[in-house]
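Please look over the structure shown here together with the report below, which goes through a helix, the nonpolar cores and several charged residues.

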Amino acid sequence: MSSEMTESAPEREVLTYEAFGDAVRDLARQIVDDGFEPDIVLAIARGGLGLAMGLAYALDVKNLSAVNVEFYTGIDQRLDVPMMLPPTPAAVDLTGMKVLIADDVADSGRTLEAVQKFCADHVLEARTAVVYEKPRSVIKPEYAWKSTDLWIDFPWSSEPPLVNRRGGMAH
């Protein structure tokens with residue numbers, strides 16, 4: 001790559017599907033080695049769904065749920081505060097459980113913080129696992145595969161959608 005291209009394009013962290021598979025196994029190993037045995041894996045949708053599924057299989061956890069949280073509306077564009085969207089799991093269903101919260105990245109950490117607060121009064125224990133953590137995050141995940149300051153291109157979101165829900169076909 002020429003130096004001209006490097007200067008004009010911002011550097012990014014690029015995650016491939018193959019590396020994502022490695023990340024899932026490495027995170028699962030961290031959790032096992034730490035002795036944490038979650039009763040449920042709680043995915044933060046959408047980005048945490050793949051990680052949650054992979055961790056649930058690797059940790060032999062049959063109970064998997066998701067919470068929808070909207071924060072990012074585009075690259076470096078976000079709402080003022082993360083908003084939990086329905087349907088959310090009933091807090092009573094989490095009572096007394098050890099919960100592993102899974103997301104793709106702890107960027108500002110505010111999404112993870114919102115989900116931790118949602119769980120706090122009900123669960124026995126909640127820990128977080130992410131593929132990437134950023135140093136500026138207000139939450140320090142218990143389990144992280146890598147740390148980066150860069151914008152991350154995830155394999156599932158690096159290409160534009162095939163359909164534009166607000167106006168028909170995109171491609």
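The report that follows describes a predicted model.

Helix α2 covers residues 17–34, and its 18 residues reach 26 Å from the first C-alpha to the last, close to the 26 Å expected at 1.5 Å a residue. Just after the helix, Gly 35 takes a positive phi of about 80°.

The buried residues of α2 are Ala 19, Phe 20, Ala 23, Val 24, Leu 27, Ala 28 and Ile 31. An α-helix has 3.6 residues a turn, so residues three or four places apart point the same way. The elements against which the buried residues of α2 pack are α3 (49–58), β5 (98–106), β6 (125–133) and β7 (143–147).

## The nonpolar cores

The largest nonpolar core holds 27 residues, of which Leu 55 and Leu 100 touch the most other members. At least two residues of this core are supplied by each of α2, β2 (40–45), α3, β5, β6 and β7, and the largest share, seven residues, comes from α2.

When neighbours within four places in sequence are left aside, Leu 55 is in contact with Val 24, Leu 27, Ala 28 and Ile 31, and also with Leu 100, Ala 102 and Ala 129. Apart from this core lies another, of 17 residues, with Ile 44, Leu 94, Val 99 and Val 115 among them.

Asp 103 is found in strand β5, and although Asp 103 is buried, it has no salt bridge, the nearest side chain of opposite charge being that of Arg 46 at 9.8 Å. A salt bridge is counted here only within 4 Å.

What does the side chain of Asp 103 reach at 3.4 Å? The atom at that distance is the backbone nitrogen of Gly 48. Not counting residues up to four places away in sequence, Asp 103 touches Ile 44, Gly 47, Gly 48, Leu 51, Thr 111, Leu 112, Ala 129, Val 130 and Val 131.

## Salt bridges

The count of salt bridges comes to eight. One of them joins the side chains of Lys 146 and Glu 13, at 3.4 Å from N to O, and this pair links distant parts of the chain, with Lys 146 in strand β7 and Glu 13 in strand β1 (residues 12–14), 133 residues apart. Lys 146 counts as partly exposed, at 36% relative accessibility, whereas Glu 13 counts as buried, at 15%.

Arg 136 forms a salt bridge with Asp 107, and the closest N and O atoms are 2.4 Å apart. Because Arg 136 lies in the loop between β6 and β7 and Asp 107 in the loop between β5 and α4 (110–120), the pair ties together parts that are 29 residues apart in sequence. Arg 136 is partly exposed, with a relative accessible area of 46%, while Asp 107, at 6% relative accessibility, counts as buried.

## A network of charged side chains

A further salt bridge brings together the side chains of Glu 125 and Arg 127, at 2.7 Å from N to O. Glu 125 counts as partly exposed at 27% relative accessibility, and Arg 127 is buried, with a relative accessible area of 17%. Through salt bridges that share partners, Asp 34, Glu 125 and Arg 127 are joined into one network.

Terms used. Residues numbered from 1 in each chain as written. Predicted model: local features only at pLDDT ≥ 70, side-chain atom pairs only at ≥ 80, totals over all residues. Heavy atoms only, no water. Helix = DSSP H or I, 4+ residues; strand = E, 2+ residues; numbered from the N terminus. Expected span 1.5 Å × (residues − 1). Buried < 20%, exposed > 50% of the residue type's maximum accessible area, 1.4 Å probe, protein only. Contact = heavy atoms within 4.5 Å. Lys, Arg positive; Asp, Glu negative; His and termini not counted. Polar contact = N/O pair within 3.5 Å; in protein donor to acceptor, adjacent residues only side chain to side chain. Core = buried A, V, L, I, M, F, W, Y, C linked by side-chain atoms within 4.5 Å.
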